[in-house]
Amino acid sequence: MKQVANKRLLEAFWMPFTANRYFKANPHLYMLSSAKGMYYFTEDGRKILDATSGLWCSSLGHCHPKITDAICKQANTLDYAPTFQMGHPKAFEFADRIIEDLVPKSSQLKHVFFTSSGSSAVDSALKICLAYHYAKGEGNRSRFVGRELGYHGVGFGGISVGGLGMNRKAYTSAMFAADHLPHTLNISQNAFTRGMPPSGGAELAESLLNLITLHSADNIAAVIVEPVAGSAGVIIPPVGYLKRLREICTQHNLLLIFDEVITGVGRLGTGFGAEFFDVEPDVITCAKGLTNGAVPCGAVLVRGDIYDTVTSSSGGSGRSSIELFHGYTYSGHPLAMAAGLATLDVLKEEDVLSNVKRISPNWEDGLHSLRNCSPLIKDIRNIGLMGAITFESIPNDLGQRAYTFQTNCLKNGLLVRVSGESIAMSPPLIANEQEIGQIIEILSNVLSQLK
Ligand SMILES: Cc1ncc(COP(=O)(O)O)c(C=O)c1O
């Protein structure tokens, strides 16, 4: 591999969320050079089945010709245009299509704010909530509630409401104080549950009432949760949990944000997880699959009255009456808009959501068939086209078993993702029975060697 042979070339790039020294000493196995459909390819000719859709994002398969063509065409037509006090048609078109195609007609979510990533979508959502309360004369509503084990990206807002200790510990001095609900992962009670844990866990939502008693509701701006926590290892909400959070937020006028950076755009067989769980939040954040991962893009969907309240707050309607002092150079980037519109076209033309609904039971059966492959399997969980396997930990070597497992999967031609003591998977939404079967077969082979 030309690139890899030249170790000096590997030095300058400080890789994100990576053991840089390990990678740069052992790059061969992990270096990807091209991709097509469900597969990655390496320069030394290996073909790797992608059971993670890249990083939960290439949901329609890699290098989908419709999406690639749309990006190329856009790059040759309008490569960049500002969206501060200027506009270009595709940004309006894509926002409109997100609401039309991904949100039920009955939904109150009516407006879309574009960002450049999931992290910036989360930070934008938090700011929009503050701006909304401020515009209503309730600027004291400034506290946020997140959840233990939640991942909301890496901005200071996101890590403040996030609940993964490793992502926070070096930065605590610069974070804002947020409260955290207890997480809902209860392996001792719910191990090997298919889909949502049917009982036990909904009561965890009640702890929001304790925080309301502690701070008073009129000091709290919003509650943010992932409907299914992805990065912490596919933590599925117990039956009734999200509905109860919604009820408490409504009773106390707290905004509810669903961070759907992973669960959005079809992962559960619906436009968003909100529809799957039949719980409407006030705000949704999304990214990743929105453009099939082909161009960075994030978005914040907001209720009609949130937009109306903020946009009518500036006291005028002239060109200088900017209502929300927030935005990114790349909000509504033309290439992202083109990729996003093509993504929505493919979702419709290839009836991808139906495929997810059709294939999810195969995925569930396949994953749970692995239970007896090794006594070191502690739990298997799944929902939609997401799934995780948790291993017994090696004392004093947390996560090591999962990393070794991932490396062995790669050697057998399969990409999975490590999350603590678990491996997490999110196959492309276009997967068929045969491809799901292939993932399960490789997992089964590697699991049977697990030490
Ligand atoms: C739920 C959730 N929110 C936010 C993010 C951050 O997205 P990005 O990496 O695009 O900033 C992620 C990324 O995995 C995520 O899973």
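Colleague: Which helix gives the most to the shell around the ligand?

Modeller: In this predicted model, helix α6, residues 118–135, gives the most, with 3 residues. Of the 14 residues around the ligand, the nearest are Ser117, Gly118, Ser119, Gly153 and Val261.

Colleague: What makes up the shell by class: how many residues are nonpolar, polar and charged?

Modeller: The shell has 5 nonpolar, 7 polar and 2 charged residues.

Colleague: Why is α6 called largely enclosed by the rest of the structure?

Modeller: A residue is buried if 20 or more other C-beta atoms lie within 10 Å of its own. In α6, 14 of the 18 residues are buried, and therefore the helix is largely enclosed.

Colleague: What span does α6 reach, and what span is expected?

Modeller: From its first C-alpha to its last, α6 reaches 25 Å, which is close to the 26 Å expected at 1.5 Å a residue for its 18 residues. Glycine 137 follows α6 and has a positive phi, near 80°.

Colleague: Which domains does the assignment give?

Modeller: The domain assignment gives domain 1 as 32–60 + 351–447 and domain 2 as 69–349. Their centres, taken over C-alpha atoms, are separated by 26 Å. Domain 1 brings 32 residues to the contact and domain 2 brings 28 residues.

Colleague: Which element gives the most to the side of domain 1 that touches domain 2?

Modeller: Helix α14 gives the most to that side, with 7 residues. By class, this side of domain 1 has 13 nonpolar, 13 polar and 6 charged residues.

Notes. Residues are numbered from 1 along each chain as its sequence is written. This is a predicted model: local features need pLDDT of at least 70, side-chain atom pairs count only at pLDDT 80 or more; totals for chains, interfaces and linings use all residues. A residue is near a molecule or strand if its C-beta atom, placed from the backbone, lies within 6 Å of it. Helices (H or I, at least four residues) and strands (E, at least two) are DSSP runs, numbered from the N terminus. Ala, Val, Leu, Ile, Met, Phe, Trp, Tyr, Cys and Pro count as nonpolar, Asp, Glu, Lys and Arg as charged, and the others, Gly among them, as polar. The expected span of a helix is 1.5 Å times one less than its number of residues. A residue is buried if 20 or more other C-beta atoms lie within 10 Å of its own, exposed if 12 or fewer, and partly exposed in between; C-beta atoms are placed from the backbone. Domain bounds come from an automatic or database domain assignment. Two residues are in contact if their C-beta atoms, placed from the backbone, lie within 7 Å.
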